[in-house]
Amino acid sequence: MSRPRDGVRHRIGALLVVACASLAAATALATGPFPGIGRPATEREIAAWDIDVRPDFLGLPKGAGTVEQGQEIWEAKCASCHGTFGESNQVFTPLIGGTTAADIETGRVANLRRVDYPQRTTMMKAPYVATLFDYIRRAMPWNEPKSLSDDEVYAVLAFMLNLAEIVPDDFELSDANMATVQARMPNRDGVTTAHAMWPGGGLPGSSSAPDVGGTACMSDCAGEVAIASVLPDYARPAHGNLAAQHRRIGPVRGIVTGDDDPDAIDDPSPPALKRARDAGCMACHGIANKVVGPSYADVARRYRGAADAVDQLVGRIRNGAEGVWGNLAMPAQEDVSDADAREIVAWILAGAPER
Amino acid sequence: MGGKAKTDPVVPGRVRAAPENFLSADDIAAVSSGRRDVLRRGFAAALGLGGAVAASTIPAQARADDPDIVDLPPWSTSLGLPVAATPYGMPSRYERNLVRRQSPGLTQVGAASVAFTPLQGSFGIITPSGLHFERHHQGWMDIDPKRHRFMINGSLPGMVARPMVFTIDDLMRLPSVSRMHFLECGANTGMEWGNVAVPTVQYTHGMVSCSEFTGVELRLLLDICGADLSRGTFVLAEGADGSSMTRTIPMDLVRSGEVLVAYGQNGEMLRPENGYPLRLVVPGVQGVSWVKWLRRIELGDRPWGAKDESIHYVDLMPDGQHRQYTSIQEVKSVITTPSGGQALVGQGFHAISGLAWSGRGAVRRVDVSVDGGRNWREATLQQPVLPKCLTRFVLPWSWTGERAILQARATDETGHVQPTYRQLRAVRGTRSIYHNNAIQSWLVDPSGEVSNVQTA
């Protein structure tokens, strides 16, 4: 990120960038291999989007906010999802909790070593205070991201740090003292890059030799095979009816673990089309094509806008029709009720949609 | 039409169902009276098979004429639908069971959640775009591509000589490449680190999908902007959605030309759930780095330690340390048929089939065991076998009703062999959440039911 921090530098920077950019654009257009592609970004455009803050505070905007101000923002804009004390598990895992004064001293959260510790809160994991700032500024509140001012972000972060007992009640967090807070982050020394899963250089301790690998043994390999873990019976229905999550054909079927009908087929046809099928109309009529009688699309076209079309057509269906579309006659469709005929005709005149 | 099927059996030229041709009336009577051994001999002899044909499949063929053959079905006796009846074609309504699904209880809210790909029904290696797994942190949106912009700038002055803005028009005019790659969430199989937790391969492994992606090499775009790659050694990718997801991208993959700024997926534009109109493609690296709704690339000289690379997508080790920037999806495989929550339709021939992949390159071989890992046979790899792409393996298997534990074990072109749970946990414990690439076991019960198990 490259946002100058004060007005003078800002203006000079802007002038320089605009000058360079237009020059560059001209050159790119004239000589580059892809003339006419892209354009220079303006200073304001870059400032609008380039809001990232690095762990070393590159990109941190000027600003400040107190714990007290933060509490107000928290209660109005954060507590509904994260709980009054950042402890809520309703929407997301808890933000606060699980850290101690000793952790603040050592820079390693002791509870992360405990296999029996139930939850890993955000504060237990977060190694960088700058990342919390960056993230709240870009993404929170969840339903209204990027709505907080920089000062509000400082304030609400100050309140969270206070909940975690990293800063005192009367603290004001600012760009000037973020580094001193970083030195008290409970898990600041809790991350390592000593592994082989980063495909590139530049990270301390990273290697190219995987830490875990299997054995390419082909026979008599595992010794006695014992089963150590299975899904308990009570968990069988937890994912619904597995039979309804598998294909109805092929080498396997899903096993029955619930009520959903694996063979249920949604017929997406509108009710009027189903009625027309049941009444046998589709033997002589196609939706878009002439069969014995005219296509419903043609019927809809012919009667579009005609005032008494519904009554007229219902009558002709139930009494029989002849001579309008050719030499063939439609026998009286006596079995179809007046109400059903009306529903079918309304659907035909609406263009006979299939779904 | 009304579904009035013809039932007259005396149709000239009708060919009779094959099995009846070698069954005498006595044989059929024997079957009806339950003496299936007669039939089995006759059937097996006729087909030249050994004795392992499933008895259960034969009586059906030996009974009276199949009404689905002799009573002509409506689709043979009526007119079908016209062209473009569904302008964007949909799968058959009989396939409605195979859809993306959430795992109950995994997350609290749907906009920060996962929907898993139904791998249990997959063929080949390509995931239909509508079944590609979903993982969002702040919901998904359908962005107007005419209003979407893509920016490249630098962390420090001069790092990018010409910070630039591109429209989708610009990007689609540039030379493009199309490549097939898998995309796996780092947390795929994460629920299974400590013990068996979920029933089917959809939930154990359904956060992997595979598509052909089309786009522009990121290095080309950096070049157009005059990026100084001697100073800029890391790249930040940022999304345009509410979360504006940020991830640090390894420069080696940018330099190699593998990282793409992609707009295409399986021959059409990306689906909105998968980042329409623009996403980053970072082959072999976990899905969170494939930033969706991509709006910006920044060149810098240090990693960014973003929320999703310092608080999440960090792998907890037994000593309480988090491994950061764990990006590569290491060598992995899983049998998809048969797999957990299924029942085999009968004894006899079955093709064991599954998927293998590695973030370090191409899959070199896959071995399959049916006895819980004591003995292994090499499976056949179906073509194509591509780097950082799903690879389909198959192994013929005759199941005679015995209990079996099915496993697959992949080896990639670097020689890295997929580990067992024991090997994986010995180093990484059980709380890592991310990057579980252990060998999966499916127990086949004598009843034919298949379930998810872990061996000691």
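Which residue forms a salt bridge with Asp340(A)? The partner is Arg275(A), with the closest N and O atoms 3.6 Å apart. A salt bridge here is a side-chain nitrogen of Lys or Arg within 4 Å of a carboxyl oxygen of Asp or Glu.

## Before you look around

This is a predicted model, in which local features need pLDDT of at least 70 and side-chain atom pairs count only at pLDDT 80 or more, while totals for chains, interfaces and linings use all residues. Residues are numbered from 1 along each chain as its sequence is written, chains are lettered from A and ligands numbered from 1 in the order in which they are written, and side-chain values use heavy atoms, with hydrogens and water left out.

Let us return to the opening pair. Asp340(A) and Arg275(A) link distant parts of the chain: Asp340(A) sits in helix α13 of chain A, and Arg275(A), 65 residues apart from it, sits in helix α10 (residues 271-278) of chain A. Helices (H or I, at least four residues) and strands (E, at least two) are DSSP runs, numbered from the N terminus. Asp340(A) has a relative accessible area of 27%, so it is partly exposed; Arg275(A), at 30%, is partly exposed too. On this scale, buried means under 20% relative accessible area, exposed means over 50%, and partly exposed is in between (1.4 Å probe, protein chains only).

Another salt bridge brings together the side chains of Asp298(A) and Arg301(A), at 2.8 Å from N to O. These two are three residues apart in helix α11 of chain A, so about one helical turn separates them. As a general point, an α-helix has 3.6 residues a turn, so residues three or four places apart point the same way. Asp298(A) has 29% relative accessibility and therefore counts as partly exposed.

## One side of helix α12

Which residues of helix α12 (residues 309-319) of chain A are buried? They are Ala309(A), Leu313(A), Val314(A) and Ile317(A). Because they cover an arc of only 120° around the axis, they lie on the same side of α12(A); the arc is that of the directions from the helix axis to the C-beta atoms.

The cover over these buried residues includes α11 (296-303) and α13 (338-349) of chain A, where contact means heavy atoms within 4.5 Å. Just after α12(A) comes Gly320(A), which takes a positive phi of about 95°.

## Where chains A and B meet

Between the two chains, 117 residues of chain A are in contact with 132 residues of chain B. About 10,400 Å² is buried between them, and carbon and sulfur atoms give 57% of that area. Buried area is the accessible area (1.4 Å probe) that two parts lose on being put together, summed over both. In chain A, the residues that lose the most area to chain B are Trp49(A), Met197(A) and Arg247(A), together 8% of what that side buries.

The rule finds 10 salt bridges across this interface. One pair, Arg54(A) and Asp301(B), has its side chains meeting in a salt bridge of 2.8 Å, N to O. Of the elements of chain A, α7(A) gives the most to the side that touches chain B, with five residues.

## Inside chain B

Chain B has nine helices and 24 strands. Of its 456 residues, 58% count as buried. One of the residues to look for is Ser209(B), found in strand β6 (residues 208-217) of chain B. Ser209(B) counts as buried because its relative accessibility is 0%. Its side chain is joined to that of Thr117(B) by a polar contact of 3.0 Å. A polar contact is a pair of N or O atoms within 3.5 Å; within protein, one must be able to donate a hydrogen and the other to accept it, and residues adjacent in sequence count only if both atoms are side-chain atoms. A polar atom of the side chain of Ser209(B) also lies 3.1 Å from the backbone nitrogen of Phe133(B).

Chain B has a salt bridge of its own, where the side chains of Arg247(B) and Glu309(B) meet at 3.8 Å, N to O. The pair links distant parts of the chain, 62 residues apart: Arg247(B) is in strand β8 (residues 246-250) of chain B, and Glu309(B) is in the loop between β12 (294-300) and β13 (315-316) of chain B. Arg247(B) is buried, with a relative accessible area of 1%, and Glu309(B), at 0% relative accessibility, also counts as buried.
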